Amino acid sequence: MGIFLGFVAGISPGPLLAMTISETLQHGSKAGFKVAISPLITDILIIASIVFILLRFESQNSVIAFISLSGAVYLIHLGISSFKTKNIDVDISNEKKDSLKKGILANLLSPHPYLFWIAIGAPILFKTLAIDILATILFVVGFYTLLVGSKIAIAFIVGRYRSFLKNNYYLYTIRSLGVVYLIFALFFIEEGLGLLGLHIAVP
């Protein structure tokens, strides 16, 4: 789950991917790499804050059920957005090179990591912790390896082949991965309804 979610989030259009590409086009692949690794710095604070708050509600099934169902809605939104992806808009400016700082600020100010960890990441962490701490570690490692790794790969490719962004195969990949979002949404719906005492069978 960590690998799939990390990969889909890594290649899907968003503020951080746009900045990764923009910095690569302006200053080269190394600048794009610096933006790509910014979640490794910012998300420690984001995850710790969200988990600390949600731990207060861990024993309240109705609250966790609401969060799981909200996560399902968010995943469905991401899936539909992936299906509708037509191109990636990147603004090129002549700002000074300070790529890592730009990436950190972009990630801290973007709603995406907060929405992900509140509605999707935190419920998964609680579920893995109930199984084994190793499951939690594997989820986080898998997620960030693919989240950061896929952005680094895109920065490398864009640095070498600028026409990559216009490649139909890339757009088709993003659209097809919308299915992954919808599949995970089904599991979140099952989890949320189960906590409310309503059970459905997900194939």
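**View 1. Lining of the largest pocket in the predicted model.** Helix 5 gives the most, with six residues. Sorted by class, the lining comprises 19 nonpolar, nine polar and two charged residues, and the space in the largest pocket amounts to about 530 Å³.

**View 2. Crossing of helix 4 with helix 7.** The axes of helix 4 (residues 39-54) and helix 7 (residues 111-131) come within 10 Å and cross at roughly 60°, and the two helices are therefore oblique to each other. The crossing is right-handed. On the side of helix 4 the contact is made by D43, I46, I47, I50, V51 and L54, which meet P113, Y114, W117, I118, A122, L125 and F126 of helix 7. Of the residues in this contact, 12 are nonpolar, none is polar and one is charged.

**View 3. Crossing of helix 2 with helix 8.** Helix 2 (residues 15-27) and helix 8 (residues 133-160) have axes that come within 9 Å and cross at roughly 35°, and helix 2 passes helix 8 in a right-handed crossing. Helix 2 takes part in the contact through L16, L17, T20, I21, T24 and L25, while helix 8 supplies K151, I154, A155, V158 and G159. By class, this contact has seven nonpolar, three polar and one charged residues.

Conventions. Residues numbered from 1 in each chain as written. Predicted model: local features only at pLDDT ≥ 70, side-chain atom pairs only at ≥ 80, totals over all residues. Heavy atoms only, no water. Axes fitted to C-alpha atoms, helices over the stretch in contact; angles between N-to-C directions. Helix = DSSP H or I, 4+ residues; strand = E, 2+ residues; numbered from the N terminus. Parallel < 35°, antiparallel > 145°, perpendicular 65-115°, else oblique. Left-handed = near helix turned anticlockwise from the far one by under 90°. Contact = heavy atoms within 4.5 Å. Nonpolar A, V, L, I, M, F, W, Y, C, P; charged D, E, K, R; others polar. 1 Å grid on protein atoms, 1.4 Å probe; cavity = no way out; pocket = protein on both sides within 12 Å on 5 of 7 lines; lining within 4 Å. Points joined across faces, edges and corners; volume = space filled by probe spheres on them.
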